[in-house]
Amino acid sequence: MSVVDLEAKIPNNVGLRENKRLLMALEKWQPAFLEWWKDMGPSDFNQNQIYLRTAVGVGQGGWAHYDYVKMPDYRWGIFLADPVADRRIHFGDNLGAPVWNEVPGEFRNRLRRLIVTQGDTEPASVEQQRMLGHTAPSLHDLRSLFQVNVEEGRHLWAMVYLLHTYFGGDGREEAEAMLERHSGDQDNPRILEAFNYPIDNWVDFFCFTTFTDRDGKYQLASLAESGFDPLARTTQFMLTEEAYHMQTGENGVGRIAKRAAELIKQGKDPKAEGAIPLEMLQRYINHWSSASMDLFGGEDSTNAADAFAQGLKGRYREGDGIYKDPKALGQNYALETPTEDGKIVKKDIPLRRAMNAVLLDAYIADCKRIVERWNRDLAAMGVDFKFSLPDHKFNRHQGVYSGFRFDTKGNIIDEAAWTHHHATWLPTSEDRAYVTSCMKPVYEPGKFANWIAPPAQGPNNTPIDFEYVKFH
Ligand code: BYC
């Protein structure tokens, strides 16, 4: 594609037409991205017309356009939230200084690492979800999957824009490497662990979009506080799209639970009817919520302390002035810490070193609200079952709790107890085989698989029997 065609094809508010250097970098990267999409993105469906939302601007209310499009023709754009006049760094050691519009040399490596880590998750999730189109429970859900996929693709573009624009040759190399690492690849895996876990079925998908995309929300929000203004503005706009992804998950899990509850109310066993038993759904919730808590990194982290001190990554809603001290000095965080003799003690660590834990706390409070909503819906249906969010110490592979065993309530347990119980807490191979057996595609407009209730409404005020995907 020529530079002129490229400029016309990429919706943007970054002055792409005048930026010849970026255009030339994208001229090389764009075909590589499309190749990757073909090889590693949604398997099949690239020739079908999908009713998709495309970001076309950043204006309030009018940023998105809905229309039928073939996924490879999707217009992956580059958008930054509007600049704030005289914006200042509002946390850390550089408090009060003007924000940076170029990369500060001394923070270059850390900043690049943050951007690459963020960027790497986007194509990773598309790879993880690539087979799901073959077993969608409805056209509505098939469309949701592809909406999420193309927008994760755009989020990759957002990070690649930063790498190409601000990091020169090594930025271009990092942008290429993001198409070379692959989810679950033995030799060249994705950077963060949860992005190498399989998403084989739609229960995984809805739990992933509930919990892992919600990590995305909190990480993007803390990067939106950054003193590196282009990063702050890019991630700010990404959050707009992220909301739909989390909603897809939250509603999806709620709809699976609703279907099981309807059957229970009719005196039927969900498992005998090809629906998902609530206890089984709880195990998937346990798996994806604990995997997503790992994405916050270690609770006691010098990386996090440095990123905060340098003004690169703030706390959730740091800019709203909700924290006592924007420098976070002279304060401690009481971290629950396991000891070798099987106890948990509160250990004070300097607040700056606990920035990942502080962000995780905000995330957990949010997750609890979601679980409560699912429980309210079950109670309203008269079903005596409550979901719960496992304790943050359960099943952790990163941070201070990794290497220890905990039950879902957060009690420390020994290896024998773990071996005895873990199949009641995490999805078993039998669960996976059963869930797989339920996954039969339903592609008739307005029809839904038997294991999931229809949604309350369709996107962009469409009726739920809308033809979201045209196969002809
Ligand atoms: N897996 O000091 P530590 C999203 C590494 S999701 C593997 O404890 P730090 C999305 C860490 O890299 C949001 N490795 O933690 C959702 C470090 O390695 P190096 C993605 C891990 O560095 C759904 C070492 O352990 N965005 O957008 O403070 C669909 C010690 O690390 C993990 C971001 O993550 C792990 N889970 O924090 C699509 C934001 N955790 O450097 C998209 C950018 C830690 O010593 N990233 N390690 O080799 C960050 O802010 C930080 O990198 C992290 C880690 C919060 C992830």
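1. In this predicted model, strand β3 (residues 332–338) and strand β4 (residues 344–350) run antiparallel and are joined by 7 bridges. As background, strands of a sheet pair through backbone hydrogen bonds, and they do so either parallel or antiparallel.

2. A separate topic is the open sheet of 3 strands, which has the order β2-β1-β7 with antiparallel pairing. Which strands stand at the edges of this sheet? They are β2 (64–70) and β7 (469–470), and since each has a single partner strand, one side of each is left without a neighbour in the sheet. Strand β1 (residues 49–55) is joined to β2 by 7 bridges, the two running antiparallel, and within this part of the model Thr 54 stands opposite His 65 in β2. Helix α4 (residues 139–166) packs on the sheet, where it touches β1, β2 and β7, and the direction of α4 makes about 40° with that of β1.

3. Helix α4 also has a helical partner, for the axes of α4 and α6 come within 12 Å and cross at roughly 45°. That angle makes α4 oblique to α6, and the crossing of the two helices is left-handed. On the α4 side the contact is made by Asp 141, Leu 142, Leu 145, Val 148 and Glu 152, which meet Trp 202, Phe 205, Phe 206 and Asp 213 in α6. Sorted by class, the contact of α4 with α6 has 6 nonpolar and 3 charged residues, with no polar ones.

4. Helix α6 (residues 202–223) has a further contact, with helix α7 (residues 229–265), and here the axes come within 7 Å and cross at roughly 155°. How are α6 and α7 oriented to each other? An angle over 145 degrees counts as roughly antiparallel, and α6 and α7 are therefore roughly antiparallel to each other. Their crossing is left-handed, and by class the contact of α6 with α7 has 14 nonpolar, 7 polar and 5 charged residues.

5. A further helix pair to inspect is helix α8 (residues 278–294) with helix α10 (residues 355–380), whose axes come within 12 Å and cross at roughly 165°. Those two helices, α8 and α10, are therefore roughly antiparallel to each other, and α8 passes α10 in a right-handed crossing. In the contact, Leu 278, Ile 285, Ser 292 and Met 293 of α8 meet Leu 360, Tyr 363, Ile 364, Trp 374 and Leu 378 of α10. The residues of this contact divide into 8 nonpolar and 1 polar, with no charged residue.

6. Two residues deserve a check of their backbone angles. Most residues other than glycine have a negative phi. Arg 317, however, has a phi near 60°, a positive value in a residue other than glycine; Arg 317 lies in the loop between α9 (302–309) and β3. Asn 460, likewise not a glycine, has a positive phi of about 55° and is found in the loop between α12 (429–438) and β7. Is Arg 317 buried, exposed or partly exposed? At 40% relative accessibility Arg 317 counts as partly exposed, and Asn 460, at 40% relative accessibility, counts as partly exposed too.

7. Thr 117 is found in helix α3 (residues 108–128) and has a relative accessible area of 19%; because buried means under 20%, Thr 117 is buried. Not counting residues up to four places away in sequence, Thr 117 touches Ile 191 and Leu 192. Val 84 is found in the loop between β2 and α3, and at 54% relative accessibility Val 84 counts as exposed. Although Val 84 and Gly 227 are 143 residues apart in sequence, they are 12 Å apart in space, C-alpha to C-alpha.

How values were computed:
Residues are numbered from 1 along each chain as its sequence is written. This is a predicted model: local features need pLDDT of at least 70, side-chain atom pairs count only at pLDDT 80 or more; totals for chains, interfaces and linings use all residues. Side-chain values use heavy atoms; hydrogens and water are left out. Axes are lines fitted to C-alpha atoms, for helices over the stretch in contact, and angles run from 0 to 180 degrees between N-to-C directions. Helices (H or I, at least four residues) and strands (E, at least two) are DSSP runs, numbered from the N terminus. Angles under 35 degrees count as roughly parallel, over 145 as roughly antiparallel, 65 to 115 as roughly perpendicular and the rest as oblique. A crossing is left-handed if the near helix is turned anticlockwise from the far one by less than a right angle, and right-handed if clockwise. Ala, Val, Leu, Ile, Met, Phe, Trp, Tyr, Cys and Pro count as nonpolar, Asp, Glu, Lys and Arg as charged, and the others, Gly among them, as polar. Buried means under 20% relative accessible area, exposed over 50%, partly exposed in between (1.4 Å probe, protein chains only). Contact means heavy atoms within 4.5 Å. Two strands pair if DSSP finds at least two bridges between them.
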